[in-house]
Amino acid sequence: MKWQGGRRSSNIEDRRGMGVGRPLVAGGGAVGLVVALLVMLFGGDPSVVLSGDPQGPSSGVGTGGSGQPVDPAQAQLTDFVSVILADTEDTWPRLLEPLGVRYAEPRLVLFSDAVQSACGVQESAVGPFYCPLDQRVYLDLGFFRELDRRFGAPGDFAQAYVVAHEVGHHVQNLLGISERVHSMRGRMSRAQGNALSVRQELQADCFAGIWAHHAQRQRQVLEQGDVEEGLRAATAIGDDTLQRRAGGHVVPESFTHGSSAQRVEWFRRGLEQGTIEACDTFRGTE
């Protein structure tokens, strides 16, 4: 990606190195491992998986928010994330304005190991997440290493896709979609609620594609191979792929984020069409 020299966002909150109590997580042993694998993807609020409640839950280079030293290799990643966040800030306001929605910029919290959010205390194992209650995206930069080494999805555009997906959840929150999903889930069975969560996640994938569409159209940020990186990332974190990787059977009824094919399809749709209307994953659910 051509990101160097881009504007840095002022909405980065650095909490790396800050201590926080360990959260209580659902399940243990093999069950806990499966849960950790399933949530280590670009989910919105990890409490959807951990508690079943979808409404539950300036940058420092070189030192974290506590003033303690952090991995120097993260310095460039911190810069990168700040530029991508700024780019989403430049993209979404004009897309939401015709809908009568004012874009309130989310804050992106960098953390290490565990973090306290308005959706509860969460560990790095849940992966990046968005908390609608405080309108913040939470990211442990170490996830990018996992994305590369464990999931086989390297590259800066794959990393940008992570940020754009979580910002996509913020857009859903501003549009009132998150609240409607929460209300509908309360009247559904577990399997029906999971299917609704899949639709919500696929729409966030599509919204990530919308961002990439407009970033390329207006600022020419993409380089050869970038789109393939994004599609590879979408494939790597599909529920079916993760379940196979965990050594278990593929159980579609348990999907909460969508299959690899679904995630690729909706990301590509947003990337190619670039409109919110193209991302109606909820059609037929009302």
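The link of cysteine 119 and cysteine 131 is right-handed, with 90° about the S-S bond. In this predicted model, the sulfur atoms of cysteine 119 and cysteine 131 lie 2.1 Å apart. The pair connects distant parts of the chain, 12 residues apart: cysteine 119 sits in the loop between strand S3 (114-117) and strand S4 (120-123), and cysteine 131 belongs to strand S5.

Cysteine 119 has a relative accessible area of 6%, under the 20% cut-off, and is therefore buried. Cysteine 131, at 0%, also counts as buried.

## The sheet around S5

Cysteine 131 stands opposite arginine 136 in S6. Strands S5 and S6 (residues 136-139) are antiparallel and pair over three bridges. They belong to an open sheet of four strands with mixed pairing, in the order S1-S2-S6-S5. Strand S1 (12-14) and strand S5 (129-131) are at the edges with a single partner strand each, so one side of each has no neighbour in the sheet. On average, neighbouring strands are turned by 25° against each other, direction ignored.

Helix H5 (residues 156-174) lies across S2 (107-110), S5 and S6, and runs at about 25° to S5.

Cysteine 206 is joined to cysteine 279 with an S to S distance of 2.0 Å. This link is left-handed, at -75° about the S-S bond. Cysteine 206 lies in helix H7 (residues 190-219) and cysteine 279 in the segment after helix H10 (260-273), 73 residues apart. Both cysteines are buried.

## Helix H3

Helix H3 (residues 74-96) spans 33 Å from first to last C-alpha, close to the expected 33 Å. Of its 23 residues, 17 are buried, so H3 is largely enclosed by the rest of the structure.

Terms used
Residues numbered from 1 in each chain as written. Predicted model: local features only at pLDDT ≥ 70, side-chain atom pairs only at ≥ 80, totals over all residues. Heavy atoms only, no water. Helix = DSSP H or I, 4+ residues; strand = E, 2+ residues; numbered from the N terminus. Expected span 1.5 Å × (residues − 1). Buried < 20%, exposed > 50% of the residue type's maximum accessible area, 1.4 Å probe, protein only. Pairing = 2+ DSSP bridges. Axes fitted to C-alpha atoms, helices over the stretch in contact; angles between N-to-C directions. Contact = heavy atoms within 4.5 Å. Disulfide = S-S within 2.5 Å.
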